[in-house]
Amino acid sequence: MQFPLDIANIASTWNQFMALMLDANVTSNLVPSVNWDTLNSSVSGRLFQYAPFARACFEDAEGVVGTYDANACAFAQAHYSDGQYRDTIPSSYQGLQWETCPSKGESCLLDWTNPLNEAAFDAPKTCHQGSIPTYFLEVQTATDVQNAFKFSVETGVNLVVKNTGHEFQGRSARPGSLALWTKNLQKIEYEPAWIPTGCEDTAPRTVVRLGPGITFSDLYAFGEANNITLPGGSTPSVSATGGYVLGGGHGSLSNTAGLGTDRALEFTIVVPTGDVLTANACQNTDLYFALRGGGGGTFGVVMETVTLALPRTPIHVITLDGLSSDANTTKAFWKVLVDNSREWANAGWGGVAGATSLQYINPLPITEEEARTSMQPLTEFAAQLNLTVGQEQYDSFALFYQQVLEPLYAISGFPLSTVSRLLPAKNFETSTSRDELLEALLNASANHSLTYVFATTPYAYKADNLTSLTPAWRDSLLLIEVLDTLEYNATASEQKAVIEGLSKSMDYLRNVTPDSGTYFSESDLYEPEFENSFWGANYERLAEIKLKYDPLHILDCWHCVGWKGRSDEAYSCYP
Ligand SMILES: Cc1cc2nc3c(=O)[nH]c(=O)nc-3n(C[C@H](O)[C@H](O)[C@H](O)COP(=O)(O)OP(=O)(O)OC[C@H]3O[C@@H](n4cnc5c(N)ncnc54)[C@H](O)[C@@H]3O)c2cc1C
C-alpha cells in the first residue's frame, strides 16, 4: 500500500509519537477504585496507559490519554498498515476491529484504505479506547507476571496476554483490562547441543531459545546467521512463538518439518496459580501437551520457548503468477491443486496458493529434474494460458522467504475476518470426491475478498503424540482460508453480517468434511462446536489441565479451553 507522505521526513517524529501514545502517570486512574500505584511499584514502574494508534489525529477524545498532534498524526497515517511498526506499540492491533467496541459504536480508527481520509477523524468524530486494555504491563520477569496474577485476584481486574496483536478473534484485547505485554521479551539464543531440562538421557539436539517478542523476520535472519533452518509462517511481524506455536503454527515447510507446535520442545511458563514451571516431554507433561496446541492466553504466560532447528539446506521453489481471477481460470487452477495435492505432499512440497498465484517449496534432496517432473501438471496448465512456471533453487528457506514471501505478506493492520477448514486426504481419493471438494471450495470462496489454499498441513511429518491439536491436522492435505476485509467504520451489525456470510460459505466445505476441524488461530469467530473443531477428542483432557493450572479462570478468552460463554462482560464488544 502506498501513502502520499514523505516517511523519511516524518520518521523523526517517532519519539514524539511514542511520547504522545503513552501516559506513565498511572495516578490518572481510569479504574479509580483500584490502586494501580501499588502494582506499578511492584513491577518497577513498567505499568502504562497507551492511547489507540491513531489517537493523535483526533481533536475530540473520551477516556483516552494523549492529545491531538498533526505531526504524530502524519506518522500514524504513514505507518498505518506497517505490521512491524504496529508490533512495537502495545495498544496497536493488527486486526483493527479489535481496537474498537462496535457494540457501543466506539473506535479510534483511520480509514485503512486511505489513512488521509479526514472523514474518519475530523470532529465530531471522537477517539475512544474501544477494546484496547486500560493498562499495559511491560513484562520483563516472571515476578512481573506473578504480581499481575496476584493483583487480578485481589482487585477483580481482568487480565489479557498481548504480544504482537495478530490474533484474529480478539483474544489479546479486552476492554477495561490489564494487558501483560510480552513483545519486549526479546531473547534469541542458539544452542547446538541442547538437552531438555530433566531429560538427561535424551540425545542433544540443535535448538533456539526464543522470547515471545521474536518475530518471523527476526527468526529467519537469525537462522541464516547461524547456518540453520528455522521454519515458520508468512507475515514478518507475527511472533515466531506466542500465539503461533500455542495454537498450531503452519507455514510453507510444515508438510515435512511439522507445525510450530510440533517443533516446540520446552516452555518456561508462569501459571495463574503462581508457579514458574518448565514444561517438556519429561516434566509437567500435562502442561507440555496443553501448550502444544491448546491455544494462547489460556494456561499461563509463556516467557521462553525452545524450538527445534534444522540444518540449513537448499530448497526447490516453484512459482506461478499472473493468473486471471475469472471464475473459469480459478476453477481450472484449483482443479490442478486438488487433483495433485496428495502426490505433491508425498513428494515433499508445501506452500501457498491464492486465486491468481502460487509459491511452493520443497526442502527434500531431490534433483532439479525430479522437481520439474513432479510439478509437470502445473506446468502444463500454465502453458495452456501462455504462462510459465518459475523453477529455481535457493540456498536456504530464509533466502527464499526474504526474496519471495516477505514482500507479498508484509502488510498488516487492517480489519479482517476469516473462516477456515482442514481438508482430509480421504476427500482426495477418487475423482468423484475430488470434484465434490473442488465444487465446495469454489462455492465457499465465491463473493469473498480473498481465499488461501494452504498446502501447509504436516502431512508428511511424523509427529509424536504429545500435541493437543485436533488430529484432523495430521491427515489433511490442505488448509483453506477465506477472508473478508471490513470497512473502518463498520457497525456491529455490519460486522456480524460479514462474519455470518463467511461462516455460511464455509458450510460448503464443512458439509463435505464432516469429521474434520480447523485451525484455532485462524478460524470462524462463530465456529460451530469449536471445542471439537479445534481439539477433537483432546478437549476433555485440556479442560482438566486448564482447571488444574487456572482454577480461578484468571485467563479466559473467546472460544478458548474453559470458555464460559459469550455472556461474560469481556465479550460485550464482540459483534
Ligand atoms: C497478518 C497475519 C498473518 C498470519 N500468518 C500466519 C501464518 O503464516 N501461519 C500461522 O500459523 N498463523 C498465522 N497467523 C495467525 C497467528 O499465528 C495468530 O494470530 C497468533 O495467535 C498470533 O500470535 P501473537 O502472539 O503474535 O499475537 P497476539 O495477538 O499478541 O496473541 C495471540 C494469542 O496468543 C496469546 N499469547 C501471546 N503471547 C503469549 C504468551 N507469551 N504466553 C501466553 N499466551 C500468549 C494471546 O493471549 C492471544 O490469545 C497470522 C495472523 C495475521 C494477522
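What we have is a predicted model, in which local features need pLDDT of at least 70 and side-chain atom pairs count only at pLDDT 80 or more, while totals for chains, interfaces and linings use all residues. Residues are numbered from 1 along each chain as its sequence is written, and side-chain values use heavy atoms, with hydrogens and water left out.

Let me begin with the ligand, which is surrounded by 32 residues, a residue being near when one of its heavy atoms lies within 4 Å of the molecule; the closest are V161, N163, T164, S172 and Y519. As for polar contacts, meaning pairs of N or O atoms within 3.5 Å, where within protein one must be able to donate a hydrogen and the other to accept it, and residues adjacent in sequence count only if both atoms are side-chain atoms, a polar backbone atom of N163 is 2.6 Å from an oxygen atom of the ligand. A backbone N or O atom of G165 lies 2.8 Å from an oxygen atom of the ligand, and a polar side-chain atom of E522 is placed 2.9 Å from a ligand nitrogen. On its own the ligand exposes 960 Å², of which the protein buries 95%, with areas from the Shrake-Rupley method and a 1.4 Å probe.

Which elements give two or more residues to this shell? They are β6 (159–162), α8 (242–247) and β13 (301–308), where helices (H or I, at least four residues) and strands (E, at least two) are DSSP runs numbered from the N terminus. The most comes from α8, with four residues.

Turning to helix α19, residues 539–549, its buried residues are Y539, L542, I545, K546 and Y549, buried meaning under 20% relative accessible area and exposed over 50%, with a 1.4 Å probe and protein chains only. Because these residues cover an arc of only 120° around the axis, they sit on the same side of α19, the arc being that of the directions from the helix axis to the C-beta atoms. On the other side of α19, E540 and E544 are exposed.

Finally, T518 lies in the loop between α17 (492–512) and α18. Why does T518 count as buried? It counts as buried because its relative accessibility is 0%. The T518 side chain reaches the backbone nitrogen of R421 at 3.4 Å.
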